[in-house]
Amino acid sequence: MEQALAKKEHVSETPATQWLKQRKVAFGEHPYPYEEHGGTAVSSRELGVDEHVVIKTLVMQDEKAQPLIVLMHGDKKVSTKNLARQAGCKSVEPCKPEVAQRHSGYLVGGTSPFGTRKAMPVYVERSVLALERIYINGGRRGFLVSIDPSQLPSLLPVTAVDVAID
């Protein structure tokens with residue numbers, strides 16, 4: 001019994017959860033069975049929540065290969081053209097998985113905006129901040145944390161943007 005408890009605790013400990021705990025942020029832990037290339041459709045289905053409140057953490061880069069993070073609703077895509085305009089860049093594109101991993105310190109599919117290896121600017125879709133609760137990657141594939149999104153501006157260097165497309 002004790003071993004099972006210790007194992008469960010170990011499973012949820014990630015750089016992201018350590019980072020949140022250090023800052024005394026209240027968060028819920030939500031493990032689920034990870035599916036390769038399943039994305040937010042799988043996590044929302046497994047957790048029984050609307051895909052709109054499951055937030056993707058996307059590592060992108062500008063024309064100078066400077067990394068940035070975009071937090072977007074699971075059921076939306078990012079207009080890179082609008083993001084570049086609102087971020088004051090010429091262009092923005094997704095990083096290759098190995099580059100994203102090098103910047104964030106997380107495996108693609110398990111990227112959290114919390115506790116990243118490198119400090120990066122964070123662009124959040126404005127409507128995410130208005131939600132009551134969001135589910136966002138907790139730093140491991142198959143593991144989301146739920147938090148109050150109104151805390152994001154005090155935790156991360158966020159800039160609200162309007163770049164969502166269906």
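**A strand and its two partners**

1. The model under review is a predicted one. In it, L71 stands opposite V124, a residue of strand β6. The strands concerned are β3 and β6, the latter spanning residues 122-125, and they pair in the parallel sense over 3 bridges.

2. Strand β3 also pairs with strand β2, which covers residues 54-62; here the two run antiparallel and are joined by 7 bridges. Within this pairing, V59 has I69 of β3 as its bridge partner.

3. How many residues lie between β2 and β3 in their hairpin? The hairpin has 4 residues between the two strands, and A65, in the turn, has a positive phi of about 65°.

4. Strand β3 itself, residues 67-73, is mostly covered, with 7 of its 7 residues buried. As a general point, side chains in a regular strand alternate between the two faces of the sheet.

5. Is T57 buried or exposed? T57 belongs to strand β2. Its relative accessibility is 12%, and because buried means under 20%, T57 counts as buried.

6. The surroundings of T57 deserve a separate remark. Apart from neighbours within four places in sequence, T57 is in contact with I69, V70, L71, T111, S112, P113 and I136. With T111 there is also a polar approach: a polar atom of the T57 side chain lies 3.5 Å from the backbone oxygen of T111.

Conventions. Residues are numbered from 1 along each chain as its sequence is written. This is a predicted model: local features need pLDDT of at least 70, side-chain atom pairs count only at pLDDT 80 or more; totals for chains, interfaces and linings use all residues. Side-chain values use heavy atoms; hydrogens and water are left out. Buried means under 20% relative accessible area, exposed over 50%, partly exposed in between (1.4 Å probe, protein chains only). Two strands pair if DSSP finds at least two bridges between them. A polar contact is a pair of N or O atoms within 3.5 Å; within protein, one must be able to donate a hydrogen and the other to accept it, and residues adjacent in sequence count only if both atoms are side-chain atoms. Contact means heavy atoms within 4.5 Å.
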